[in-house]
Amino acid sequence: CLNGTTTMILTGMEGNLDGTECDGVSFEEALGAAKKMGIVEEDESLDVDGYDAAVKLRALLVVLCDYKISIPSMDEIPRDSIRNITREDIRRAYANGRKKYRLVASAKLIDSDANNSPTSDHSTTKKWEASVQLLLLPPSDPLYNLSGTDASVQFCTDVLGPVAVVSSNPTLVDTA
């Protein structure tokens with residue numbers, strides 16, 4: 001969850017999921033509250049349609065990775081939107097396994113054929129496969145408890161396993 005604005009909107013829509021009344025707000029109300037806080041991009045679609053998360057994901061890949069590894073262009077990163085999620089969707093997901101929606105930017109390093117032609121030497125190269133997806137997360141997921149403007153990045157390492165870094169209620173300067 002690289003975009004705190006979408007986390008803010010989704011948790012505003014969640015409200016108190018354990019309560020008997022649905023006290024979460026609509027998408028439009030949650031977006032309005034985020035705008036009043038000053039955390040929404042001037043073009044709100046950059047946040048709610050996953051573009052901002054994709055930009056941050058791509059920037060991380062560029063900074064952290066070997067230059068020989070292919071990094072997807074922005075056009076090659078599929079992006080989900082949160083704009084069609086409803087309070088009812090959120091309540092239903094929570095009632096069915098206590099799951100929560102989060103907009104998750106992820107990348108996976110994969111082997112790709114260096115040349116898909118029959119005459120290639122069958123060598124492989126590495127490339128990143130990236131996406132921004134609206135996912136239903138179980139309570140065991142490290143991103144599950146993000147709330148408000150929280151943002152997080154998780155690295156899956158070969159020695160330590162998954163390592164998560166969380167920015168709790170970052171300021172406007174922290175998220176830029």
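A contact here means heavy atoms within 4.5 Å. Among contacts in the protein between residues at least 6 apart in sequence, 63% join residues at least 24 apart. The model is predicted: local features need pLDDT of at least 70, side-chain atom pairs count only at pLDDT 80 or more, and totals for chains, interfaces and linings use all residues. Residues are numbered from 1 along each chain as its sequence is written, and side-chain values use heavy atoms, with hydrogens and water left out.

The protein has 6 helices and 4 strands; these are DSSP runs, helices being H or I of at least four residues and strands E of at least two, numbered from the N terminus. Their order from that end is α-α-α-α-α-β-β-β-β-α.

Now the end of the strand series. β3 pairs with β4 (residues 161-167) in the antiparallel sense, over 7 bridges; pairing requires at least two DSSP bridges between strands. A hairpin of 3 residues joins β3 to β4. Cys156 has Pro162 in β4 as its bridge partner.

A pocket is an open set of points on a 1 Å grid over the protein atoms alone, where a 1.4 Å probe fits, with protein on both sides within 12 Å along at least five of seven lines; lining residues have an atom within 4 Å of a point. Of the 22 lining residues, the closest to the centre are Ser106, Ala107, Gln154, Phe155 and Cys156. β3 gives the largest share of the lining, 5 residues. α4 (51-64), β1 (100-113), β2 (124-137) and β3 (151-157) each supply at least two.
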